[in-house]
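Subject: Structure handover

Hello,

Here is the structure I promised you. Please open it first, then read my notes below.

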Amino acid sequence: MTGTVESVPLITASILSKKLAEGIDGLVLDVKVGRGAFMKSLEDARELARSLVRTGRRAGVAVTAVLTDMEAPLGHAVGNALETAEALRVLHGEGPEDLRELTLVLGAEMLRLGGERSKANARRRLEAAIADGSALQKMEAIVAAQGGDARVVAEPDRLAIAKRSVVVAAPTHGTVMSVDALAIGLAGVALGAGRTRSDQEVDPAVGITVHAKPGDAVAKGSPLATLHVHRARAGAEVASRVAGAFRIGRRAPAPRPLVLETIRR
């Protein structure tokens with residue numbers, strides 16, 4: 001035991017120190033809330049968000065914190081290459097609806113900090129940048145400036161993804177009531193997509209594709225998720241954990257808002 005506690009001042013310092021050291025003028029933070037987030041409750045997330053905004057502004061930086069839901073996985077991808085490819089597809093005008101919406105919400109806040117007064121105009125500017133390809137061009141420039149292969153921006157399939165797959169099938173007919181984001185995340189770590197110690201290596205090629213989200217109707221035997229692995233045995237060992245993350249019932253759950261709150265002061 002290390003005696004570690006969840007200290008909002010320490011978390012605030014850890015998050016902001018790196019950002020402020022870069023000499024930024026404005027900052028938009030996505031503060032996740034829920035089962036798959038560091039802050040499980042809205043109250044705790046709100047406390048952290050207010051601390052981040054207050055501290056940033058005292059340092060002379062305009063900060064906005066957007067509290068967003070993380071009870072279920074965002075998008076469909078879990079894993080480094082999978083998530084990168086999914087994010088790039090948003091810039092192509094594709095990608096999951098929830099990931100695209102969150103991208104526009106956070107981007108609009110960034111434009112607001114940059115001087116755009118109209119939320120509607122900010123959103124239109126972002127949608128136009130995706131539609132005319134300028135968002136992709138900017139991403140290519142960013143990747144190239146850091147010595148990366150900019151071709152992956154136009155061709156996300158260039159990213160190396162583990163070739164073997166293990167499908168997790170629905171055990172019965174019904175509607176997905178919930179997907180435990182924490183369980184899915186820990187399953188990804190077990191596959192090698194994350195780590196529990198700083199000396200562990202992360203395998204960017206492995207991960208999980210979540211096919212069914214809360215509210216989706218599923219048939220018995222239909223895919224709930226696909227595990228991307230180098231060895232089928234590794235996937236089989238984790239498959240039961242992924243299956244346990246899905247709760248299937250008869251009625252669709254009440255929809256959950258993606259954006260829970262925005263804190264600007």
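The axes of helix 4 and helix 5 come within 9 Å and cross at roughly 120 degrees. Axes here are lines fitted to C-alpha atoms, for helices over the stretch in contact, and angles run from 0 to 180 degrees between N-to-C directions. Helices are DSSP runs (H or I, at least four residues), strands likewise (E, at least two), and both are numbered from the N terminus. Helix 4 and helix 5 are therefore oblique to each other. (Under 35 degrees counts as roughly parallel, over 145 as roughly antiparallel, 65 to 115 as roughly perpendicular, and the rest as oblique.) Their crossing is right-handed, that is, the near helix is turned clockwise from the far one by less than a right angle.

This is a predicted model: local features need pLDDT of at least 70, side-chain atom pairs count only at pLDDT 80 or more, and totals for chains, interfaces and linings use all residues. Residues are numbered from 1 along each chain as its sequence is written, and side-chain values use heavy atoms, with hydrogens and water left out.

Which residues of helix 4 meet helix 5? They are Arg 100, Glu 101, Leu 104, Gly 107, Ala 108 and Leu 111. Among their partners in helix 5 are Leu 126 and Ile 130. Contact means heavy atoms within 4.5 Å. The contact of helix 4 with helix 5 has 6 nonpolar, 1 polar and 5 charged residues. (Ala, Val, Leu, Ile, Met, Phe, Trp, Tyr, Cys and Pro count as nonpolar, Asp, Glu, Lys and Arg as charged, and the others, Gly among them, as polar.)

Now helix 1 (residues 8-20) and helix 2 (residues 42-58). They pack at about 55 degrees, with their axes 10 Å apart. That makes helix 1 oblique to helix 2. Their crossing is right-handed.

Next, the pockets. A pocket is an open set of points on a 1 Å grid over the protein atoms alone, where a 1.4 Å probe fits, with protein on both sides within 12 Å along at least five of seven lines; lining residues have an atom within 4 Å of a point. The largest pocket has a volume of about 1,300 Å³, meaning the space filled by probe spheres set on the points, which are joined across faces, edges and corners. Its lining has 39 residues. Helix 4 gives the largest share, 8 residues. By class, the lining divides into 27 nonpolar, 6 polar and 6 charged.

The second largest pocket has a volume of about 560 Å³. Its lining divides into 11 nonpolar, 3 polar and 9 charged residues.

Best wishes
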